Amino acid sequence: QMWYGLWGNLSGGTGKLNVQKDIEYTCSPYFWDNSFIQDGDKKATCTAGSGVVNFSMVSLDATISGGFEADGSPVTLDQYSYISVYATKADVNSNRYGTTTSSGFTVKVSAGRWCFGYWIDPASGYASSSSGSTTDCVQIASGETVTKNLTLLNTATILVTVKDTNGQGKPNSWVEATAFSNKDKGENDYQRMYSSSGCSTGADGPCSFKVGARPEGIPYYLNT
């Protein structure tokens, strides 16, 4: 699926956006105000020249914080350049970034179920994790504070070879692996925020790249 967006400005809580007729759109508001977030995305179709979408806003009055662990032990990332943690919520096409340090994170959210992903320095020996491929999720109530440690993914290597219909290796082909198939990517809940890994094939069609791994395994979908 190829995504594209249409944008418009809100002033005083209202605004107008020009769209194609008879096409269903998923609408999401974005605010610089760090105190509220939409209660959920809305779908709208303009069938007679106009359509109306009303959003309900909820307070970002809950807090999730925690540290990092791997293989059942705490992890501190002092010697590495960065780690950035974000949270996503079903039916909300935006993510929440918080404050992240080498030893933990804090993020403000609204009530509901939030799932976490993170971007991390590859030199750390750990792999970045999409919110859709992790089991680090939290159910939180309005005004509540919850502590949740995030499990960092170890790395594994995928070796691939791309061949044409005659069995000959295909050079300069890009291969990527994601936690979701093309059919599912972006359609459900927090799958909107995903990360992928990939490589470009060499002269005879092979290449290799690192992905996140757990002891029980993570399924990946490969596309070229």
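Trainee: Is Cys207 buried or exposed, and what is its relative accessible area?

Mentor: Before the answer, a word on what we are looking at: this is a predicted model, in which local features need pLDDT of at least 70 and side-chain atom pairs count only at pLDDT 80 or more, while totals for chains, interfaces and linings use all residues. Residues are numbered from 1 along each chain as its sequence is written, and side-chain values use heavy atoms, with hydrogens and water left out. As a general idea, a residue is called buried under 20% relative accessible area, exposed over 50%, and partly exposed in between, using a 1.4 Å probe and protein chains only. Cys207, with a relative accessible area of 12%, is therefore buried.

Trainee: Which residue does a disulfide join to Cys207?

Mentor: A disulfide is a pair of cysteine sulfur atoms within 2.5 Å. Here the partner of Cys207 is Cys199, with 2.0 Å from S to S, and the link between these two is right-handed, with 50° about the S-S bond. Cys199 is buried as well, its relative accessible area being 7%.

Trainee: How many disulfides does the count come to?

Mentor: The count comes to two disulfides. Besides the link already described, Cys115 and Cys137 form a disulfide with their sulfur atoms 2.1 Å apart. Cys115 lies in strand 14 (residues 112-120) and Cys137 in strand 16 (residues 137-140), so this pair ties together parts that are 22 residues apart in sequence. The link of Cys115 and Cys137 is right-handed, with 105° about the S-S bond, and both cysteines are buried. When bonded cysteines are counted along the chain, the pattern is 1-2, 3-4.

Trainee: How many helices and how many strands are there in the protein chain?

Mentor: Helices (H or I, at least four residues) and strands (E, at least two) are DSSP runs, numbered from the N terminus. By that reading, the protein chain has zero helices and 23 strands.

Trainee: What is the order of the strands in the open sheet of three strands?

Mentor: Two strands are said to pair if DSSP finds at least two bridges between them. In this open sheet the order is 21-20-23, and the pairing is antiparallel. Strand 21 (197-200) and strand 23 (221-223) stand at the edges, each with a single partner strand, so one side of each is left without a neighbour in the sheet. Strand 20 (residues 174-178) pairs with strand 21 in the antiparallel sense over four bridges, and Trp174 stands opposite Ser200 in strand 21.

Trainee: Where is Ser173 found?

Mentor: Ser173 is in the loop between strand 19 (153-161) and strand 20. Contact means heavy atoms within 4.5 Å. Ser173 is itself buried, with a relative accessible area of 14%.

Trainee: How many aromatic pairs does the count come to?

Mentor: Rings of Phe, Tyr and Trp (its six-membered ring) pair if their centres lie within 6.5 Å; planes under 30 degrees apart count as stacked, over 60 as edge-to-face, and the rest as tilted. The count comes to three aromatic pairs. One of them is the tilted pair of Tyr86 and Tyr97, at 5.6 Å centre to centre with 50° between the planes. Tyr86 lies in strand 10 (residues 83-89) and Tyr97 in strand 11 (residues 92-97), so the pair ties together parts that are 11 residues apart in sequence. Tyr86 is buried, with a relative accessible area of 0%, whereas Tyr97 is partly exposed at 39%.

Trainee: Which residues form one aromatic cluster?

Mentor: Phe68, Phe105 and Phe116 form that cluster. Within it, Phe105 and Phe116 make a tilted pair, 5.4 Å centre to centre and with 55° between the planes. Phe105 is buried, with a relative accessible area of 3%, and Phe116 is buried at 1%.

Trainee: What share of the 224 residues in the protein chain do buried residues make up?

Mentor: Buried residues make up 37% of them. Among contacts between residues at least 6 apart in sequence, 65% join residues at least 24 apart.
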